[in-house]
Amino acid sequence: MKPTALPPFQLVFDAHAAAVLAFLTGAVGSVEAEDCFQETMLSALRAYPRLGDASNLRGWLFTIARRKAIDAHRARARRPAPVADPDPGATLDEHAQVDDGLWDQVRSLPLKQRKAVVLRFAGDRSYPDIAAAMSTTQDSARQSVHEGLKKLRKELR
Amino acid sequence: MTVEATVQERFLKRAEASGLIDVAVTSMDSPIGTLLLMATPRGLVRIAFEDENRDEVLGEVAEQLSPRILELPRRLDPVRRELDRYFAGRLRDFEVPIDWSLTGNFARKVLRRTARIPYGSVASYGDVAVGVGTPRGARAVGNALGSNPIPVVVPCHRVVRTGGAIGGYGGGLPRKQWLLALEAG
């Protein structure tokens with residue numbers, strides 16, 4: 001079977017840029033989000049013609065974005081700590097203010113739960129979307145989010 | 001839902017500076033309908049009339065040249081300026097660089113020859129066939145002109161039938177007539 005043809009990158013950008021930026025804002029904070037976003041999109045554009053399969057472009061972009069977010073966290077870890085960190089005070093519901101400590105916890109979740117939680121809360125994706133991005137069922141996506149949140153609640157307590 | 005224009009603009013700037021925009025695209029209004037314009041760093045590569053399906057045209061270029069296609073109107077500013085002046089009757093010869101990547105060898109020869117037909121005059125399919133050294137290839141010439149990826153700027157509308165009949169046009173006969181009338185002044 002012929003692989004799905006790659007659409008013009010402009011269409012990819014139009015369809016997914018907002019979700020990628022939202023994800024990065026959650027993952028690294030609003031100050032660094034745009035830098036990470038630009039790095040993500042440039043990396044994606046650079047690699048795009050060699051991408052064999054266009055069937056999950058959103059998942060591919062989120063994979064790059066996640067790597068850039070991790071790079072940003074590492075770079076920050078090497079910098080001196082700021083004088084005062086904002087008070088975490090995080091409660092985890094859908095409208096929680098995210099902070100970096102929370103996202104460190106999110107990153108320590110098992111892969112499936114992490115992916116599901118990030119897509120749900122940082123990417124603001126619907127369950128059908130999450131299921132598609134993770135090549136799984138909606139039930140299983142819900143389950144992963146549920147378990148991820150349960151684990152986070154326990155660890156943040 | 002998309003990102004702020006400033007965020008997209010910064011992305012385009014960096015992408016262009018890194019040489020990552022293989023094909024820039026924009027559209028412009030014209031007396032013969034909206035034109036879709038595309039350029040590589042080497043030059044103008046494609047013009048499509050509005051009755052061609054935009055997504056299909058973009059998809060073909062993505063497949064044949066590169067999927068690194070982004071909306072970058074400024075790369076097409078020189079083309080747009082020349083086309084505006086042409087449609088206003090104030091430009092006879094286009095000077096923007098052309099990228100012939102979308103044409104095969106024979107078609108390229110035919111189109112280069114066609115580009116030398118002076119403004120306001122016409123040549124027959126047979127004339128062009130002779131011009132490219134295949135005197136009996138009038139039909140092949142017609143096919144090559146019909147697949148001209150850069151109409152208007154590469155003036156395939158100036159090729160008509162021997163005896164004065166207008167012949168065919170990829171963009172439809174009314175456009176060919178309009179362009180010939182424009183050039184007749």
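The following legends describe close-up views of a predicted model.

**View 1. The largest nonpolar core and its most connected members.** This core contains 79 residues, of which Val20(A), Phe23(A) and Leu24(A) touch the most other members. Helix H1 of chain A, spanning residues 9-28, contributes eleven residues, the largest share of the core.

**View 2. The surroundings of Leu24(A).** When neighbours within four places in sequence are left aside, the residues in contact with Leu24(A) are Ala33(A), Cys36(A), Phe37(A), Ala65(A) and Ala69(A). Leu24(A) is also one of the residues that touch the most other members of the largest nonpolar core.

**View 3. The contact between chain A and chain B.** On one side stand 19 residues of chain A, in contact with 20 residues of chain B. H1 and helix H2 (30-47) of chain A each supply at least two residues of the side of chain A that touches chain B. The most is given by H2(A), with seven residues. Classified by residue type, this side of chain A has 14 nonpolar, two polar and three charged residues.

**View 4. The buried face of helix H4 in chain B.** Helix H4 of chain B comprises residues 105-114, and its buried residues are Ala107(B), Val110(B), Leu111(B), Arg113(B) and Thr114(B). These residues lie on the same side of H4(B) because they cover an arc of only 160° around the axis.

**View 5. The elements covering H4(B).** The buried residues of H4(B) are covered by elements of chain B that include helix H5 (125-131), helix H6 (138-146) and strand S6 (159-160).

Definitions and conventions: Residues numbered from 1 in each chain as written. Chains lettered and ligands numbered in written order. Predicted model: local features only at pLDDT ≥ 70, side-chain atom pairs only at ≥ 80, totals over all residues. Core = buried A, V, L, I, M, F, W, Y, C linked by C-beta atoms within 7 Å. Buried ≥ 20, exposed ≤ 12 C-beta atoms within 10 Å, placed from the backbone. Helix = DSSP H or I, 4+ residues; strand = E, 2+ residues; numbered from the N terminus. Contact = placed C-beta atoms within 7 Å. Nonpolar A, V, L, I, M, F, W, Y, C, P; charged D, E, K, R; others polar. Arc of directions from axis to C-beta.
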